[in-house]
Amino acid sequence: MDIGGYKGDTIGIFLNLFPKSQKFIIAVEPVLEFLEDINEVVNFFKGKTPFQLIVIPSALYDKNVIVPFEIQGVASKVIEAEDKRKISSAFRTVPAVRLDDILHNIPVNYVKIDVEGADDKVLRGMERIIH
């Protein structure tokens, strides 16, 4: 599972490291513009290694809400209440979901989390999955 999938670089590394094993990958990325880059990585590996990919176009959080979100270059993040006074022009809102509420009966063996400081909220939203 790639939480904060960005442009698919971690997916590419994983598919490169384990070319012969069957993989089921879940990528979570709320920035829609980055989904095209993830798709390019997927297309590169199609036919070269067995895998299935599900992309969740959302942020992950400890509740299901719409959150303020900021994109600045390669860094994008949920803007917490105490940071709202620092909102830049790169601000938008995105849906955020609890992973426990949307993934059922799917075993998770590996999780990469890169969410620019919201790690604790992401982990609280996936307690069932990681226990």
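Analyst: Happy to! A polar contact is a pair of N or O atoms within 3.5 Å, where one must be able to donate a hydrogen and the other to accept it. Keep in mind that this is a predicted model.

User: Great. Where does Glu 29 sit?

Analyst: Glu 29 is in the loop between β2 (23–28) and α2 (32–45).

User: And which backbone nitrogens does the side chain of Glu 29 reach?

Analyst: A polar atom of that side chain lies 2.6 Å from the backbone nitrogen of Tyr 6. The backbone nitrogen of Gly 5 is reached at 3.3 Å.

User: What about charge: which side chain of opposite charge is nearest to Glu 29?

Analyst: That would be Lys 112, 7.1 Å away. Glu 29 is buried and has no salt bridge.

User: OK, switching topic. How many salt bridges are there in the whole structure?

Analyst: Seven. One of them pairs Asp 62 with Arg 124, at 3.5 Å from N to O. Asp 62 lies in the loop between β4 (59–60) and β5 (65–72) and Arg 124 in helix α4 (residues 119–124), so the pair ties together parts that are 62 residues apart in sequence.

User: What else does Arg 124 pair with?

Analyst: Asp 120, with the closest N and O atoms 3.7 Å apart. Both residues lie in helix α4, about one turn apart. Through shared partners, Asp 62, Asp 120 and Arg 124 form one network of salt bridges.

User: Last one: which element gives the most to the lining of the largest pocket?

Analyst: β2, with four residues. The space in that pocket is about 340 Å³.

Methods: Residues numbered from 1 in each chain as written. Predicted model: local features only at pLDDT ≥ 70, side-chain atom pairs only at ≥ 80, totals over all residues. Heavy atoms only, no water. Helix = DSSP H or I, 4+ residues; strand = E, 2+ residues; numbered from the N terminus. Buried < 20%, exposed > 50% of the residue type's maximum accessible area, 1.4 Å probe, protein only. Lys, Arg positive; Asp, Glu negative; His and termini not counted. Salt bridge = Lys/Arg side-chain N within 4 Å of Asp/Glu carboxyl O. 1 Å grid on protein atoms, 1.4 Å probe; cavity = no way out; pocket = protein on both sides within 12 Å on 5 of 7 lines; lining within 4 Å. Points joined across faces, edges and corners; volume = space filled by probe spheres on them.
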